[in-house]
Amino acid sequence: MKAAVLVVEDDRSIRRMLERTLAAEGYDVAGVSDGGGALAAIERAAPDLLVLDLGLPGLDGVAVCRRLRDKGLALPILMLTARDGLDDRVAGLDAGADDYLVKPFAPEELSARVRALLRRGEEPRELLAFDDVVFVVRSRRVRRGGEDISLSMREADLLELLMRNARQVVSRELALERVWGSAVAASPNVVDRYVSYLRSKLGEPELIQTIRGVGFVLER
């Protein structure tokens, strides 16, 4: 059975190029030109993967992505952007995109990214749970007591690390390595700041305890 791909791109020539490239790879491809059309198409029949332009008129790619994730839809999303700025890429990933591709790009790279995301989408939806906090790993969706909690990319990554090591102390150094990596020259203080953000959003400061001089632990 062919994987279904929805292309959302307002530039007609680029949209046609995307559709031809993906159809040649054997996918069942449909295309729309705006965010409202994308949401309507997904409501009718959710595709296996979404190729979504960031700079759409009206409802832009970030807004579309957020709405889909808020509904709990975990379909893979490849964000396209003509802007190579870090802020734009982070905004797309924070909204729930799985990957991004900066224009202009080679058709071969588009095809490779789509194949990788579809392979990832075949993996089972992994759930992490602690107390009444539930984390859907692939969609980065977090709920507590049945209520959705909106987290940034870094906040979600830090919560995932704490939940995977529940009742074990996570040092500041480990958090820096796993969450921030080499992306920024961060100081250990950034970990404390993001733990504070998580405590506020989870609504219960005591859920993440500070181990003085060492790090943090998710514990009841």
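## Salt bridge between Asp-131 and Arg-220

In this predicted model, Asp-131 and Arg-220 join their side chains in a salt bridge, with N and O 2.8 Å apart. The two residues come from distant parts of the chain, 89 residues apart: Asp-131 sits in the loop between strand 6 and strand 7, and Arg-220 in the segment after strand 12 (215–218). Asp-131 is partly exposed, its relative accessible area being 44%. Arg-220 is exposed, at 53%.

## Other salt bridges

The structure holds 16 salt bridges. One of them pairs the side chains of Asp-132 and Arg-144, at 2.7 Å from N to O. Asp-132 lies in the loop between strand 6 and strand 7, whereas Arg-144 belongs to strand 8, 12 residues apart. Asp-132 is partly exposed at 34% relative accessibility, while Arg-144 is buried at 13%. A network of salt bridges links Asp-131, Asp-132, Arg-144, Glu-204 and Arg-220.

Arg-172 and Asp-192 also form a salt bridge, their closest N and O atoms being 2.9 Å apart. Arg-172 is in helix 7 (residues 172–180) and Asp-192 in helix 8 (residues 189–202), so this pair ties together parts of the chain 20 residues apart in sequence. Arg-172 is buried, with a relative accessible area of 14%. Asp-192 is partly exposed, at 29% relative accessibility.

Strand 8 (residues 141–144) and strand 9 run antiparallel and are joined by three bridges. Arg-143 has Asp-148 of strand 9 as its bridge partner.

## Arg-15 in helix 1

Arg-15 is located in helix 1 (residues 12–24). Arg-15 is buried yet has no salt bridge. The nearest side chain of opposite charge is that of Glu-19, 4.0 Å away.

A polar atom of the Arg-15 side chain lies 2.7 Å from the backbone oxygen of Glu-9. Leaving aside residues up to four places away in sequence, Arg-15 touches Val-7, Glu-9, Asp-10, Gly-31, Val-32 and Ser-33.

Methods: Residues are numbered from 1 along each chain as its sequence is written. This is a predicted model: local features need pLDDT of at least 70, side-chain atom pairs count only at pLDDT 80 or more; totals for chains, interfaces and linings use all residues. Side-chain values use heavy atoms; hydrogens and water are left out. Two strands pair if DSSP finds at least two bridges between them. Helices (H or I, at least four residues) and strands (E, at least two) are DSSP runs, numbered from the N terminus. Buried means under 20% relative accessible area, exposed over 50%, partly exposed in between (1.4 Å probe, protein chains only). Lys and Arg count as positive and Asp and Glu as negative; His and the chain ends are not counted. A polar contact is a pair of N or O atoms within 3.5 Å; within protein, one must be able to donate a hydrogen and the other to accept it, and residues adjacent in sequence count only if both atoms are side-chain atoms. Contact means heavy atoms within 4.5 Å.
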